[in-house]
Amino acid sequence: MQVFGSSGTRGRVTEELTPAFVLRVAAAAGTVWGADRVALGRDTRLTGPMLADAAASGLASVGADVDRLGVVPTPALQSYAASEGVPAVMVTASHNPPEYNGIKLVGADGIELPVERLEAIESVLLDGGQALATWDETGRDRSVEGGRRRYREELLAAVDREAIAGAGLTVAIDPGHGAGALTSPAFFRELGCDVRTVNAHPDGHFPGRDPEPVESNLSDLGELVTATGADVGIAHDGDADRAIFFDERGEYIEGDATLAALADAALGPGDTTVSAVNVSQRLVDVAERSGAELELTPIGSTRIMTRIRELQAAGGTVPVAGEGNGGVIFPPYRINRDGAYTAARFLSLLTDRPASEVVAPYDGYANVRENVPYDEEAERAALIEAAGEWARDAEGEVTTIDGYRVDFGDAWVLARPSGTEPVIRVYAEAREPARAEELAAAVLAPLEDAAAAGG
Ligand code: MG
């Protein structure tokens with residue numbers, strides 16, 4: 001997929017991503033869908049109204065009526081799409097910085113489009129095959145009120161409301177000025193929690209922090225947890241499909257540890273869980289202990305969701321899946337990422353133990369990340385070949401979905417070309433720091449030899 005790639009169509013607005021492009025993508029999607037009606041939402045970015053107008057024009061030009069929901073989390077738009085049985089276009093750049101925007105495409109089942117559907121839209125886009133309607137068949141648009149309320153009601157019906165309310169939790173929330181600012185504080189209040197917030201007004205300048213919920217952006221939330229004596233801190237990305245947590249001491253919890261804790265609570269013998277090829281040893285260990293299969297896909301939630309659908313179609317049960325970036329998927333609820341739903345599932349684990357205890361079993365793993373840069377395509381190929389040779393000789397299980405991953409039981413190493421920079425990324429993870437260092441060094445040595453030979 002040239003256009004959609006791993007994170008959909010995203011870029012710096014007016015430099016890489018123009019309204020004209022968004023209009024063409026929306027018209028191409030509308031053509032492939034052939035739907036009478038399409039839902040449209042956006043996050044809080046400054047360029048959201050402009051690009052949502054472009055998407056609405058594109059959809060109307062191929063004959064679709066447009067339901068405009070305004071600012072909503074991506075999972076709220078997905079909920080609307082599923083309940084109305086209409087496809088949807090979300091204008092969002094998720095966790096990217098304020099100058100970015102982009103679009104996500106959702107099917108009439110409320111699930112992000114699978115790879116083959118995106119490819120069909122991409123060919124219409126690249127061939128200019130948008131099926132424009134005659135003037136009197138073009139679409140009308142209307143504002144839909146209450147999309148956020150409907151979403152909260154659906155969430156409340158789907159989670160363990162009584163247990164969570166009974167626990168009397170104080171919850172600190174940092175929606176990062178994104179779409180979750182308009183839903184998560186209200187949702188957790190309705191869930192019976194005492195809610196404290198920071199960065200909780202929608203603001204496309206993102207004055208308090210960048211939309212990406214990584215530790216370096218979340219010091220405000222850690223302080224809020226400590227200052228208010230909260231039981232847990234919850235942070236979202238710009239479109240609130242991810243959730244990252246802080247424990248009751250104000251300490252950041254690794255997304256990999258949260259995923260492992262949620263998976264441990266959900267997985268049983270015979271189940272399958274799905275994650276990406278850079279999956280943490282923590283989830284490898286949880287799957288092993290639970291008697292569940294772990295399936296790996298190329299990096300990116302689209303690939304994971306596509307694989308979940310294939311497994312379900314073949315009769316498999318997938319109670320939980322996702323990545324260590326806060327993007328957790330609970331397929332029995334919906335095959336999507338939902339920051340508020342994920343957070344409610346995490347709160348369900350806190351009814352009898354503090355957050356620090358819940359995640360303690362999945363703590364203390366050591367990660368090493370290194371980059372090996374290259375200049376040209378030939379050098380890149382030589383580096384990948386060197387990684388392949390090393391992997392074939394290693395005493396472990398080799399996965400070649402995306403680069404080379406070798407699993408050793410207690411640890412793993414992965415060498416893969418970056419999708420965005422001219423570097424080969426090397427990851428290693430083990431329970432012991434020395435073991436992770438040793439494995440990273442072992443695969444780095446032949447890569448650096450190959451780089452030296454090429455340079
Ligand atoms: Mg997101």
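Student: Why is Ala 243 called buried?

Tutor: The model is a predicted one, and in it Ala 243 has a relative accessible area of 2%. The cut-off for buried is under 20%, so Ala 243 counts as buried.

Student: Where is Ala 243, and which residues does Ala 243 touch?

Tutor: Ala 243 is placed in strand β10. Leaving out residues up to four places away in sequence, Ala 243 touches Ile 234, Ala 235, His 236, Gly 326, Gly 339, Thr 342 and Ala 343. What makes these contacts is heavy atoms within 4.5 Å. Between the C-alpha atoms of Ala 243 and Ala 265 there are 17 Å, and the two residues are 22 apart along the chain.

Student: Thr 342 also belongs to helix α12 in its contact with α9. Why are α9 and α12 called roughly perpendicular?

Tutor: The axes of α9 (residues 255-266) and α12 (residues 339-348) cross at roughly 70° and come within 10 Å. The range for roughly perpendicular is 65 to 115 degrees, and therefore α9 and α12 are given that name. Their crossing is left-handed. On the α9 side the contact is made by Thr 258, Leu 262 and Ala 266, and on the α12 side by Thr 342, Arg 345 and Phe 346.

Student: How do the residues of the contact of α9 with α12 divide by class?

Tutor: They divide into three nonpolar, two polar and one charged.

Student: What makes α3 and α5 roughly perpendicular to each other?

Tutor: The axes of α3 (residues 74-84) and α5 (residues 147-158) cross at roughly 85° and come within 9 Å. That angle is set against the range of 65 to 115 degrees, and therefore α3 and α5 count as roughly perpendicular. From α3 the contact takes Pro 75, Ala 76, Ser 79, Tyr 80, Ser 83 and Glu 84, and from α5 it takes Arg 150, Tyr 151 and Glu 154. The classes are four nonpolar, two polar and three charged.

Student: Why are α1 and α4 called oblique?

Tutor: Helix α1 (residues 19-33) packs with helix α4 (residues 115-127) at an angle of about 120°, and their axes are 8 Å apart. Roughly perpendicular covers 65 to 115 degrees and roughly antiparallel needs over 145, and therefore α1 and α4 are oblique to each other. The crossing of this pair is right-handed.

Student: Which residues of α1 and α4 meet?

Tutor: In α1 they are Phe 21, Arg 24, Val 25, Ala 28, Ala 29, Thr 31, Val 32 and Trp 33, which meet Arg 117, Ala 120, Ile 121, Val 124 and Leu 125 in α4. By class this contact has 10 nonpolar, one polar and two charged residues.

Student: What makes a residue a donor of the magnesium ion, and which are the protein donors?

Tutor: The cut-off is an N, O or S atom within 2.8 Å of the metal. Ser 94 (OG), Asp 237 (OD), Asp 239 (OD) and Asp 241 (OD) lie 2.0 to 2.2 Å from the magnesium ion, and they are its protein donors. Their spacing in sequence is S-x142-D-x1-D-x1-D.

Student: Why can Ser 94 and Asp 241 be said to tie parts together?

Tutor: Ser 94 is in the loop between β4 (88-91) and β5 (100-106), while Asp 241 is in the loop between β9 (232-236) and β10 (243-246), so the pair ties together parts that are 147 residues apart in sequence. Ser 94 and Asp 241 are both buried.

Student: What makes the phi of His 177 worth a remark?

Tutor: Phi of His 177 is near 65°, a positive value in a residue other than glycine. His 177 is found in the loop between β7 (170-174) and α7 (184-190). With 2% relative accessibility, His 177 counts as buried.

Student: How do you know whether Asn 199 is buried or exposed?

Tutor: The relative accessibility of Asn 199 is 10%. Buried means under 20%, so Asn 199 counts as buried. Asn 199 lies in the loop between β8 (194-197) and α8 (219-228), and it has a positive phi of about 55° although it is not a glycine.

Student: And how is Leu 169 classed, buried or exposed?

Tutor: Leu 169 counts as buried, at 4% relative accessibility. Leu 169 is in the loop between α6 (161-166) and β7. Residues up to four places away in sequence aside, Leu 169 touches Cys 193, Asp 194, Asp 231, Leu 347 and Leu 350.

How values were computed: Residues numbered from 1 in each chain as written. Predicted model: local features only at pLDDT ≥ 70, side-chain atom pairs only at ≥ 80, totals over all residues. Heavy atoms only, no water. Axes fitted to C-alpha atoms, helices over the stretch in contact; angles between N-to-C directions. Helix = DSSP H or I, 4+ residues; strand = E, 2+ residues; numbered from the N terminus. Parallel < 35°, antiparallel > 145°, perpendicular 65-115°, else oblique. Left-handed = near helix turned anticlockwise from the far one by under 90°. Nonpolar A, V, L, I, M, F, W, Y, C, P; charged D, E, K, R; others polar. Donors = N, O, S within 2.8 Å, 3.2 Å for Na, K, Ca; no water. Buried < 20%, exposed > 50% of the residue type's maximum accessible area, 1.4 Å probe, protein only.
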